[in-house]
Amino acid sequence: MNNNKTTLTVETILAQGLGWMDDANNGLIPGIFPGTTFEREADNSYPNGRVYTRDQNPNYDQPEAVLAALEAGEDALLFSSGMSAAVSVFQALKPGDHIVAPEVMYWALRNWLLTLGRDWGLKVTFVPNGDIGALKQAVIPGETVLLWMETPANPTWVVDDIAAWAEVAQSVGALLAVDNTVATPLLCRPIDFGADIVMHSATKYLNGHSDVLAGALITKNQDGFWDRVKKVRNAGGAVLGPFEAWLLMRGMRTMSVRVRQACNNAMAIARALENHPNVEEVLYPGLESHAGHAISKKQMSGGFGGMMSVRVKGGESAAVKVAANLQLFKRATSLGGVESLVEHRASIEGDGTPCPADLLRLSIGIENSDDLIADLKQGLEAE
């Protein structure tokens, strides 16, 4: 196996999975290990370090090593979902700890912070996305222990400056955690800009085939806080099954080509719809008209992602009608798969959402961009 993660490109790391093989049989792909427990030696020791499969299954090893290499981190952990990965960071905190997070972020996690997180005893302050001044005012020296950010932020794709957030975090001795699900490590590596922890909903671009529910955390340093996160995972049991971990690794092998195609498609679609008479606004960081375009160029390379949103003229009813008229885009929740999806996000998020009612969220897949553009235009222009 080749673990030289300093000289290999991300494309090679992914395609070859760091060179891991089935050493027992010389198979190019490691096998699936469904066993749940491991035998002690006669002297009562565990020579391979494995005791019980809950967080020690051999199928976790390869994807965790690949993720650590991709994000330039010291260690990585797999979880049963993106939510369980994110929540484990907050559960590693203590009652009374203060957190700062953006107003626009993944809705399910925002709801958790507002409800169960506060029941957990956490103090949470939300700040407007893209407002570094508000962030500086929100942190409390001696109390703020974690800044959580998501960039580009779902579903309006506001872009925040990771390095600026890291500077604020360091000024008060807090950690910075970044949800990098949308950008993926192919386009952005938050640790390079000062982040301490990176989170992924691995269900999305890492797997990429809409058939695995998974999450991941990567750490810059294996420190005391990381040890607490590991204990949370072990005690809570929010881990993948071995088959799901194997499927995740299989999906990750093609991530570079999938993400590249999705980025190219999204840029073509954004430009095609930017001046459409029935479109109020296209929200995509790759467009020069996007407020966060300059920051995106600074911290993203190789593309601007496969996620975008379109605000439809005529309000909520018009937006819902456009979604109903689409033929190639599937009306479904989630993102990052090979197939293109559309979602009227405000109706999913419900009361209290900061998402505009006229907004359609588009997850751009790897189909032919001309086909996708034609579908969107006929949906926008249907009577």
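Two strands are taken to pair if DSSP finds at least two bridges between them, and helices (H or I, at least four residues) and strands (E, at least two) are DSSP runs numbered from the N terminus. The structure is a predicted model, in which local features need pLDDT of at least 70 and side-chain atom pairs count only at pLDDT 80 or more, whereas totals for chains, interfaces and linings use all residues. Residues are numbered from 1 along each chain as its sequence is written, and side-chain values use heavy atoms, with hydrogens and water left out.

On these terms the protein contains 14 helices and 12 strands. Its radius of gyration (taken over C-alpha atoms) is 21 Å, close to the 21 Å that the globule rule (2.2 Å times the number of residues to the power 0.38) gives for 383 residues, so the protein is as compact as a globular protein of that length. Along the principal axes, the C-alpha atoms fill a box of roughly 75 × 50 × 35 Å.

Contact (heavy atoms within 4.5 Å) joins S88, V89 and Q91 in α3 to F225, V229 and V232 in α8. The residues of this contact divide into 4 nonpolar, 2 polar and no charged, with Ala, Val, Leu, Ile, Met, Phe, Trp, Tyr, Cys and Pro counted as nonpolar, Asp, Glu, Lys and Arg as charged, and the others, Gly among them, as polar.

A further open sheet, also of mixed pairing, comprises 5 strands in the order β8-β9-β12-β11-β10. Strands β8 (279-283) and β10 (330-331) stand at the edges with a single partner strand each, so one side of each is left without a neighbour in the sheet. Strands β11 (residues 341-344) and β12 (residues 359-363) pair in the antiparallel sense over 4 bridges, and E343 stands opposite R361 in β12. Helix α10 (residues 255-273) packs on this sheet, touching β8 and β9 (307-312), and its direction makes about 15° with that of β9.

The axes of α10 and α14 (residues 369-381) come within 10 Å and cross at roughly 35°. The contact involves N265, A268, I269, A272 and L273 of α10 together with S369, L372, I373, L376, K377 and L380 of α14, and its residues divide into 8 nonpolar, 2 polar and 1 charged.

Cis peptide bonds join T151 to P152, with omega about -10°, and N154 to P155, with omega near 10°. P152 lies in the loop between β4 (144-150) and α6 (162-171), and P155 is likewise found in the loop between β4 and α6.

Conventions. Axes are lines fitted to C-alpha atoms, for helices over the stretch in contact, and angles run from 0 to 180 degrees between N-to-C directions.
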